[in-house]
Amino acid sequence: MYRGSNPIARTSQQNIADALVRLLQRMPYSSITISAICREADVSRQTFYSLFSSRENIVLYLLDTCHTFEPGKECHSTLSLRVLSQEYASYLIDKRELLSLLQQNDLIYLLHGSLYDSFMNCSCFLPGQNAPRRAFCSEFIAGGLSGIAKIYVQEGTGLSKEALTETIRSLFSGELFPREDC
């Protein structure tokens, strides 16, 4: 996937991403061809392949740019579970349309990697922990949050932001598990 700074290439990249979203609103991902994306975006196949190597990379681009989750973006110390829960609830509500399209097309799994990268790149996420422990925690939380996104777009869209925040917080705090030893 192209990661340069050429403004023409960046504009074409965004046009291709927008084209894929428009096509997903009309047809299933499995029916969308590279040719259809190129026609919709008004770019050549050569341009497509110079910017993306696959349709999947377009989804990754979307999740890593205009639809990224940025944990602790307004945090200046350590990201708390309360803040994380509030921010992710807002993210789910704000990005519901795209997340629904991804779920309907069995692409929601791509959210996991984007979330993992967001946590690993967040300076206020477990700042006192060593790299392996941060990686384990990032993986665990990314897995849980991507699962929550899947269920939210399938069944939980009636939840208020407050209820969604509390659900996320209680899941990750361990409150739902009995306190006795097994």
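**Figure 1. The packing of helices α1 and α4 in the predicted model.** In this predicted model, the helices α1 and α4 pack at an angle of about 105°, and their axes lie 10 Å apart. Because angles of 65 to 115 degrees count as roughly perpendicular, α1 and α4 are therefore described as roughly perpendicular to each other. On the side of α1, the residues that take part are Arg-10, Gln-13, Gln-14, Ile-16, Ala-17, Leu-20 and Val-21, and they meet Arg-55, Ile-58, Val-59, Tyr-61 and Leu-62 of α4. Sorted by class, this contact of α1 with α4 comprises eight nonpolar, two polar and two charged residues.

**Figure 2. The buried residues of helix α4 and the helices that cover them.** Within α4, the buried residues are Asn-57, Ile-58, Val-59, Tyr-61, Leu-62 and Leu-63. Their cover includes α1 (7-26), α2 (34-41) and α3 (45-51), and it also includes α5 (81-94), α6 (96-104) and α7 (110-120). In an α-helix there are 3.6 residues a turn, so residues three or four places apart point the same way.

**Figure 3. The surroundings of Asn-57.** Asn-57 has its place in helix α4, which is formed by residues 55-64. With a relative accessible area of 13%, Asn-57 counts as buried, because the cut-off for that term is under 20%. When its neighbours within four places in sequence are left aside, Asn-57 is in contact with Met-1 and Phe-52.

**Figure 4. The largest pocket and its lining.** The volume of the largest pocket comes to about 250 Å³. The residues that line the largest pocket are Thr-68, Phe-69, Glu-70, Lys-73 and Glu-74, together with Glu-87, Ser-90, Tyr-91, Asp-94 and Lys-95. Taken by class, the lining of this pocket holds six charged residues, with two nonpolar and two polar residues besides.

Figure 5. Along its principal axes, the C-alpha trace of the protein chain spans about 60 × 35 × 30 Å. Of the 182 residues in the protein chain, 41% are buried. Among the contacts in the protein chain with a separation of 6 or more, 62% are accounted for by residues 24 or more positions apart.

Technical notes
Residues numbered from 1 in each chain as written. Predicted model: local features only at pLDDT ≥ 70, side-chain atom pairs only at ≥ 80, totals over all residues. Heavy atoms only, no water. Helix = DSSP H or I, 4+ residues; strand = E, 2+ residues; numbered from the N terminus. Buried < 20%, exposed > 50% of the residue type's maximum accessible area, 1.4 Å probe, protein only. Contact = heavy atoms within 4.5 Å. 1 Å grid on protein atoms, 1.4 Å probe; cavity = no way out; pocket = protein on both sides within 12 Å on 5 of 7 lines; lining within 4 Å. Points joined across faces, edges and corners; volume = space filled by probe spheres on them. Nonpolar A, V, L, I, M, F, W, Y, C, P; charged D, E, K, R; others polar. Axes fitted to C-alpha atoms, helices over the stretch in contact; angles between N-to-C directions. Parallel < 35°, antiparallel > 145°, perpendicular 65-115°, else oblique.
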